[in-house]
Amino acid sequence: MRKKALTYTVSALLLAAVGIACWQFLTSPEHRGASTETFFAAVLADVEGGVQPMSQWKGKTIVVNFWATWCPPCLEEMPELSRVHDRYRDQGLVVLGISSDDIDSIRRFTVETPISYPLLSAELEAMPLSETLGNNKGVLPYTVVIAPDGRVEQSHFGKVDQALLERMILPLLPAAD
């Protein structure tokens, strides 16, 4: 009986340690010290066949979401990102989806799944670009909030939802009229 209790105690402690490690992995402030210089210097292809300089969004609150068409959590969060984009764009919010996929794959994806915010292709440069913004774990999805002054304000490893996004962006947006 005593051996069984010890086994349960050790198992509970191990489970708690794993839980704490997972929580720290997903919520650690890795963005601290991240630089937006490389991000604002980037020019990425869009689904309309053009190119978009990231510098055009300087001075805005920007939600940058790194994703891929083959990533289920990425696809699950896209409706939430669209809702946030639609709700707050008139207050100066920009939501950008930067994919590691080629532009043709993204175009095929948007036929089936319309998204209201700009989707851009960085292909092989997506992960290095996300690393400059604090993604030192190399995970997707990865979301970064850049403040109007150009600082990385918040970052999140894993899937986001509207409530989390609003907690991240609302302090940076002007009050609605």
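Which residue forms a salt bridge with Glu153, and how far apart are the closest N and O atoms? The partner is Arg151, and the closest N and O atoms are 2.3 Å apart. Before going on: this is a predicted model, and that applies to everything I show today.

Let me stay with that pair for a moment. Glu153 is partly exposed, at 23% relative accessibility. Arg151 is also classed as partly exposed, at 42%. The pair belongs to a network, in which salt bridges with shared partners join Asp149, Arg151 and Glu153.

The search of the whole structure gives seven salt bridges. I will take two others.

One of them is between Arg87 and Glu166, with 3.1 Å between the closest N and O atoms. Here the partners come from distant parts of the chain, 79 residues apart: Arg87 sits in helix H3, residues 72–88, and Glu166 in helix H6, residues 162–169. Are the two ends buried or exposed? Arg87 is exposed, with a relative accessible area of 54%. Glu166 is buried, because its relative accessible area is 15% and the cut-off for buried is under 20%.

The other is between Arg89 and Asp86, where the closest N and O atoms lie 3.5 Å apart. Arg89 is partly exposed, with a relative accessible area of 42%, and Asp86 is partly exposed as well, at 37%.

Now to the strands, starting with S4, residues 93–99. How many of the residues of S4 are buried? Seven of its seven. In a regular strand, side chains alternate between the two faces of the sheet.

What does S4 pair with? Strand S3, residues 61–67, pairs with S4 in the parallel sense, over seven bridges. Within that pairing, Val64 has Leu96 of S4 as its bridge partner. S4 also pairs with strand S5, residues 119–121, again in the parallel sense, over three bridges. There, the bridge partner of Gly97 is Leu119 in S5.

S3, H3 and S4 together make a β-α-β unit, and the unit is right-handed.

Technical notes: Residues are numbered from 1 along each chain as its sequence is written. This is a predicted model: local features need pLDDT of at least 70, side-chain atom pairs count only at pLDDT 80 or more; totals for chains, interfaces and linings use all residues. Side-chain values use heavy atoms; hydrogens and water are left out. A salt bridge is a side-chain nitrogen of Lys or Arg within 4 Å of a carboxyl oxygen of Asp or Glu. Buried means under 20% relative accessible area, exposed over 50%, partly exposed in between (1.4 Å probe, protein chains only). Helices (H or I, at least four residues) and strands (E, at least two) are DSSP runs, numbered from the N terminus. Two strands pair if DSSP finds at least two bridges between them. A crossover is right-handed if, with the strands pointing away from the viewer, the path from the first strand over the helix to the second runs clockwise.
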